[in-house]
Amino acid sequence: MDALCPEIERLVACYTCGGQSLPPYQLCVEAHVACPACTKYQSRCACGCRFLKRSNTTLDWLVSAMKLRCKYRANGMMDSGSPVPGQVDCANEWYTVEELRDHYRTGCMRNLFTCPMKNCGYVARVDTITNHYDTDHGPLPRISPDLNCATFQLPAKRQAETIKKIFNGYFMFSVKPQRRWHKDINSLLSMQNINPSDRFHYTYTATQESHQKMLTVTVSLVETYSSPTYNIL
C-alpha cells in the first residue's frame, strides 16, 4: 500500500495546521486542502489565499475510494491491562474513511487521553475527550471571539480550575493568590489548552484595574499565514 500511495499522507494533510483531514474537503484558491477547524477559525490558508466556500466533490470521491493510515500510529500504547474487545494495534493497518472515523472513536489503542481535571482521571480518546468535559464537568461556557480575540473576566482571587471553550480549544484557567508586591498580573494566571486535538496556537494576556476583584483576560488566536513563529501553549 505504501508503494501504491506514497504521497497519501500529504494529500490528506491540512496545508494550514498540518493535521490529517477527512472528507468533505474544502480547498483554498491555490488548491491546498483545509480542515474544518481551519476554515472556521483561520481567516486564510497558510499560503495567504482565501478558502473556497464549497467542498471539492472530486477530491472527496477520490479519497473515499482509498485507504488511509491512523494518524496516531506512531504513538505508544497506554497499558490498559487485559485486551479490550474491538481494539486493535493500528501501527500497520489501513482503513477506509468511514472505518478510520470509527477507529478514532472506539478502536484505536494509541489515542488514549486522561482527563487533566483534578480528582478525575477519566480515560477517553483524543477525538472524544471534549464530550467528557461537556458531560461530566459542564455545562461549560463558550466565549464568542471578536475576529481573532476573545475577552472575558475571571475572579482575581484564588479558585479551582475553570474551563472555557474558546475558538477550537478547551482552556483551563487557574489564578494564583495575589499579593501586594505583584506587579505582573500575567504571572498570577495560568492557561492550558486541554483539547489535545486542537492544533492551533494561542497567546493570552491579563489586566487588572486598581482595586478591582476581576481579571480581564484576552485570548488571541495566532493566524498561521502571517506568523512564521508561534507562542505554543
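**Entry 1: a charge and a ring.** I began with K71, whose charged end sits over the ring of Y104, 5.0 Å from its centre. I note that the model is predicted.

**Entry 2: the largest pocket.** I next looked up the largest pocket and recorded a volume of about 1,000 Å³. Its lining comprises 35 residues, and the closest to the pocket centre are Q20, K71, D127, N168 and S197. I sorted the lining by class and found 17 nonpolar, 10 polar and eight charged residues. Helix 2 (36–41), helix 4 (97–107) and strand 9 (169–175) each contribute at least two residues to this lining.

**Entry 3: aromatic pairs.** A pair of aromatic rings is described by the distance of the centres and the angle of the planes. My search of the whole structure returned eight aromatic pairs. One of them joins Y41 and F200, edge-to-face, at 6.3 Å centre to centre with 80° between the planes. This pair links distant parts of the chain, for Y41 lies in helix 2 and F200 in the loop between strand 10 (189–193) and strand 11 (202–207), 159 residues apart. Y41 has 17% relative accessibility and therefore counts as buried. F200 is buried as well, with a relative accessible area of 8%.

Y133 belongs to helix 5 (residues 129–136) and Y170 to strand 9, 37 residues apart. Both Y133 and Y170 are buried.

**Entry 4: a cluster.** Finally, I traced the ring pairs that link Y41, F152, F167, F171, F173, F200 and Y202 into a cluster.

How values were computed
Residues numbered from 1 in each chain as written. Predicted model: local features only at pLDDT ≥ 70, side-chain atom pairs only at ≥ 80, totals over all residues. Heavy atoms only, no water. 1 Å grid on protein atoms, 1.4 Å probe; cavity = no way out; pocket = protein on both sides within 12 Å on 5 of 7 lines; lining within 4 Å. Points joined across faces, edges and corners; volume = space filled by probe spheres on them. Helix = DSSP H or I, 4+ residues; strand = E, 2+ residues; numbered from the N terminus. Nonpolar A, V, L, I, M, F, W, Y, C, P; charged D, E, K, R; others polar. Phe/Tyr/Trp six-rings, centres within 6.5 Å; stacked < 30°, edge-to-face > 60°. Buried < 20%, exposed > 50% of the residue type's maximum accessible area, 1.4 Å probe, protein only. Lys NZ or Arg CZ within 6 Å of the ring centre and 35° of its normal.
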